[in-house]
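Subject: The structure I mentioned

Hi,

Here's the structure I promised to send over. Have a look at it first, then read my notes below.

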Amino acid sequence: SHALAPMWDKIATILEAGSSESKVVMALFDCERDYQHSNLCKALSISFYPTLMFVGSGTYHDTDPITSALYGKAKSAGPMGDS
């Protein structure tokens with residue numbers, strides 16, 4: 001929802017997203033902007049808005065029991081998954 005955009009902006013500010021100190025980048029991406037954006041969202045299986053996605057360069061440990069329950073231990077990391 002576009003109504004959440006100001007909240008995400010505040011969170012990004014608190015986390016100092018985009019700075020070398022935080023190493024966190026937050027981005028807003030409009031899946032409905034045009035055909036190319038729509039195709040990218042389909043390729044990433046994004047079908048509901050807003051969608052939060054973690055893309056990392058290091059090890060990510062999933063501690064979310066819901067992810068483990070929905071997708072199984074093989075697709076979850078950390079204490080809730082196989083790894």
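First, a term: a contact means heavy atoms within 4.5 Å. With that in hand, residues 24 or more positions apart account for 8% of the protein's contacts with a separation of 6 or more.

Two things on the background. Keep in mind that this is a predicted model, where local features need pLDDT of at least 70 and side-chain atom pairs count only at pLDDT 80 or more, while totals for chains, interfaces and linings use all residues. Residues are numbered from 1 along each chain as its sequence is written, and side-chain values use heavy atoms, with hydrogens and water left out.

**The overall picture**

The protein has 3 helices and 0 strands, so defined because helices are DSSP runs of H or I with at least four residues and strands are runs of E with at least two, numbered from the N terminus. Read from that end, the order is α-α-α. Buried residues (under 20% relative accessible area; exposed is over 50%, partly exposed in between, with a 1.4 Å probe and protein chains only) make up 13% of the 83 residues. The protein exposes about 7100 Å², an area from the Shrake-Rupley method with a 1.4 Å probe, where for residues only the protein chains shown count as cover. Carbon and sulfur atoms supply 60% of that area.

**The disulfide**

A disulfide is a covalent bond between the sulfur atoms of two cysteines. The cut-off used here is a pair of cysteine sulfur atoms within 2.5 Å, and the count comes to 1 disulfide. C31 and C41 form it, with their sulfur atoms 1.9 Å apart. C31 lies in the loop between helix 1 (5–14) and helix 2, and C41 in helix 2, 10 residues apart, so the pair links distant parts of the chain. The torsion about the S-S bond is about -80 degrees, so the disulfide is left-handed. Are these two cysteines buried or exposed? C31 is buried at 8% relative accessibility, and C41 is buried at 2%.

H37 sits in helix 2 (residues 35–43). With 15% relative accessibility, H37 counts as buried too. Leaving aside residues up to four places away in sequence, H37 touches F29, D30 and C31.

F29, L40, L44 and M53 make a nonpolar surface patch of about 360 Å². L44 is in the loop between helix 2 and helix 3 (65–71), and is partly exposed at 43% relative accessibility.

Cheers

Definitions and conventions: Patches are made of residues with over 30% relative accessible area and no salt bridge: like charges are joined within 9 Å, nonpolar side chains (Val, Leu, Ile, Met, Phe, Trp, Tyr) within 5 Å. A salt bridge is a side-chain nitrogen of Lys or Arg within 4 Å of a carboxyl oxygen of Asp or Glu.
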